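This report describes the fold and the packing of one protein chain. Look at the sequence and the model before reading on.

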Amino acid sequence: MLIIGIAGGSGSGKTTVVKAITERLKEKVVVIPQDSYYKDSSHLSDEEKKYMNFDHPDSIDFDLLNEHLSMLRAGKSIEQPVYSYITCSRSRTQTVTVNPADVIIIEGILIFTCEKLRKQMDIKIFVDADDDDRLMRVMARDILERGKTVETVIERYTKTVKPMYLQFIEPSKRYADVIIPQGGHNTVAIDVLTATIEKAINAGKTKSE
């Protein structure tokens with residue numbers, strides 16, 4: 001089993017990189033999104049939820065994420081939480097069953113900020129992109145997928161996303177084994193990365209035979 005961490009700022013193109021890898025490896029890979037492990041905030045008022053900081057490491061339930069990753073490594077299935085950005089809460093009735101696979105990809109902006117989680121990763125990848133490109137992607141995503149207004153997105157980017165990127169996410173780049181510049185547009189880097197993963201999988205199978 002190969003455990004790969006893919007980090008980078010909001011709107012950097014992480015999802016594009018993950019999609020490219022999964023399309024090539026297909027059933028050999030499963031993806032664990034950091035976003036599924038946000039701490040439940042259903043106890044907060046609607047006004048308090050407006051000021052939630054989704055870009056701070058304290059917002060992530062790293063204990064559960066580490067536990068689930070350890071279970072997958074041990075060959076056990078997990079029940080991945082389902083989190084809603086709309087309600088800022090974790091579903092109490094619904095989970096997603098995730099089974100072990102040859103490749104486990106953990107994807108999220110803050111995954112390299114947790115030392116225990118980093119130690120479970122075999123390959124750490126940081127997807128880099130220009131600030132302007134990231135802002136445009138964040139705006140498009142939050143408006144179309146999360147029902148936010150342009151004003152709200154810009155305010156959040158200015159007060160939360162950018163400062164947290166500079167404080168936590170950008171510094172975590174130093175832990176990466178591979179840095180992909182130009183985000184998801186760098187098809188050459190993605191092709192090389194995918195080929196390397198395939199080679200590692202095949203080498204592992206050869207040793208076990």
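This is a predicted model: local features need pLDDT of at least 70, side-chain atom pairs count only at pLDDT 80 or more; totals for chains, interfaces and linings use all residues.

Residues are numbered from 1 along each chain as its sequence is written, and side-chain values use heavy atoms, with hydrogens and water left out.

The protein has 7 helices and 7 strands, where helices (H or I, at least four residues) and strands (E, at least two) are DSSP runs numbered from the N terminus. Their order along the sequence is β-α-β-α-α-β-β-β-α-β-α-α-β-α.

| Property | Value |
|---|---|
| Span of the C-alpha trace along the principal axes | about 60 × 40 × 30 Å |
| Residues that count as buried | 47% of 209 residues |

Buried means under 20% relative accessible area, with a 1.4 Å probe and protein chains only.

A nonpolar core is a set of buried Ala, Val, Leu, Ile, Met, Phe, Trp, Tyr and Cys residues joined through side-chain atoms within 4.5 Å. The largest one holds 34 residues, of which I32 and L117 touch the most other members. Elements that give two or more residues to this core are β1 (2-7), α3 (62-73), β3 (78-84), β5 (103-107) and α6 (150-169). The largest share, 5 residues, comes from α3. Beyond its neighbours within four places in sequence, L117 is in contact (heavy atoms within 4.5 Å) with F62, L65, N66, L69, I106 and I111. A second, separate core has 18 residues, including L2, V18, V29 and I125.

Technical notes
Buried means under 20% relative accessible area, exposed over 50%, partly exposed in between (1.4 Å probe, protein chains only).
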